Structure formats: C-alpha cells, structure tokens
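I opened the structure to look up its contacts, its sheet and its aromatic rings. My entries follow in the order in which I looked.

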Amino acid sequence: MELLLPLLLVLMLVFMFFQFRKQKKQMNETMAMQESLTVGTKVMTSTGLYGTVVGLGEDTVDLEIAPGVATTWVRRAIAKVLTPEELGAPSIEDETAIDGDKRPEDR
C-alpha cells in the first residue's frame, strides 16, 4: 500500500512523457509540411478554406481561393496539403460506375 502512490506518480510521468513526444512529433511534421509548400500546391487552412498556393513569402503564403482572387495567409495557418482523393478526382471505382460497371482491363 505504501508503494501505490509513488508507483502511480511514476506511471503518470511516463504517460505524460509519451504524450509530449507524440505532440512534438506532430508539430515537427506540420512545420516540415508548411516549409515544403510550392506554387501550385492545393491546401486547406486551419479554418477550412481551400486554395491553391500562388505565392510564397518568408512567413506568408498567397492562396488563390477563386479565379483571380488571392489572399495572403501566415504559413502556420496551412493545416494540410490536399491529395487528389480529397480534391474530388474520380477514382477507378467512380470511372467503372460511369462506364457501365466495366473493369479497367475490360475497356
């Protein structure tokens, strides 16, 4: 019974250590993504705004949010780079449904 409290404290400290490591790893990955942005990349901001990178500054990113409409954002506001699936590009399954349920090798 005397060892229960010190054991719980040690377990809590170990848990906190691993949580901090996980959080730091995620932060480093996000910072690396924000630093690797290039013109033409499709992104989503932390507020949910979708846009295309049209200009890069030292700490800023210019996003085209509509044809001819560009806004300037802080790099840290970029939450993620969008993949083709997230952009709504048709997948193989979508194409087969359009072509009458044919498999790609049967076309």
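**M33 and the core.** I looked up M33 and found that it touches I78, A79, K80 and V81, leaving aside residues up to four places away in sequence. Contact here means heavy atoms within 4.5 Å. M33 also belongs to the largest nonpolar core, which has seven residues: M33, L37, V43, V53, V61, L63 and I78. A nonpolar core is a set of buried Ala, Val, Leu, Ile, Met, Phe, Trp, Tyr and Cys residues joined through side-chain atoms within 4.5 Å. Buried means under 20% relative accessible area, exposed means over 50%, and partly exposed is in between (1.4 Å probe, protein chains only).

**Ground rules.** I noted that this is a predicted model, in which local features need pLDDT of at least 70 and side-chain atom pairs count only at pLDDT 80 or more, while totals for chains, interfaces and linings use all residues. Residues are numbered from 1 along each chain as its sequence is written, and side-chain values use heavy atoms, with hydrogens and water left out.

**The chain as a whole.** I found three helices and five strands in the protein chain. Both are DSSP runs numbered from the N terminus: helices are H or I with at least four residues, strands E with at least two. The elements run α-β-β-β-β-β-α-α from the N terminus on. Of the 107 residues, 17% count as buried. Among contacts between residues at least 6 apart in sequence, 33% join residues at least 24 apart.

**The sheet.** In what order do the five strands stand in the open sheet? I read the order as β4-β3-β2-β1-β5, with antiparallel pairing. β4 and β5 (78-81) stand at the edges with a single partner strand each, so one side of each has no neighbour in the sheet. The twist averages 45° from one strand to the next; the axes are lines fitted to C-alpha atoms, for helices over the stretch in contact, and angles run from 0 to 180 degrees between N-to-C directions. Two strands pair if DSSP finds at least two bridges between them.

**Strand pairs, one by one.**
- β1 (residues 42-45) joins β2 through three bridges, and V43 stands opposite G51. Four residues lie between these strands in their hairpin, where G48 takes a positive phi near 95°.
- β2 (residues 50-56) pairs with β3 over four bridges, and L56 stands opposite V61. Their hairpin has three residues between the strands.
- β3 (residues 60-66) joins β4 (residues 69-74) through six bridges, and L63 has T71 as its bridge partner. Two residues lie between the strands in this hairpin, where G68 takes a positive phi near 85°.

**T52.** I then looked up T52 in strand β2. Is T52 buried or exposed? T52 is buried, because its relative accessible area is 16%. Its bridge partner in β3 is E64. The side chain of T52 makes a polar contact with the side chain of K42 at 3.2 Å. Such a contact is a pair of N or O atoms within 3.5 Å; within protein, one must be able to donate a hydrogen and the other to accept it, and residues adjacent in sequence count only if both atoms are side-chain atoms.

**Aromatic rings.** Rings of Phe, Tyr and Trp (its six-membered ring) pair if their centres lie within 6.5 Å; planes under 30 degrees apart are stacked, over 60 edge-to-face, the rest tilted. I counted one aromatic pair by this rule. F17 and F18 form it, edge-to-face, at 5.5 Å centre to centre and 70° between the planes. F17 is partly exposed at 47% relative accessible area, and F18 is partly exposed at 46%.
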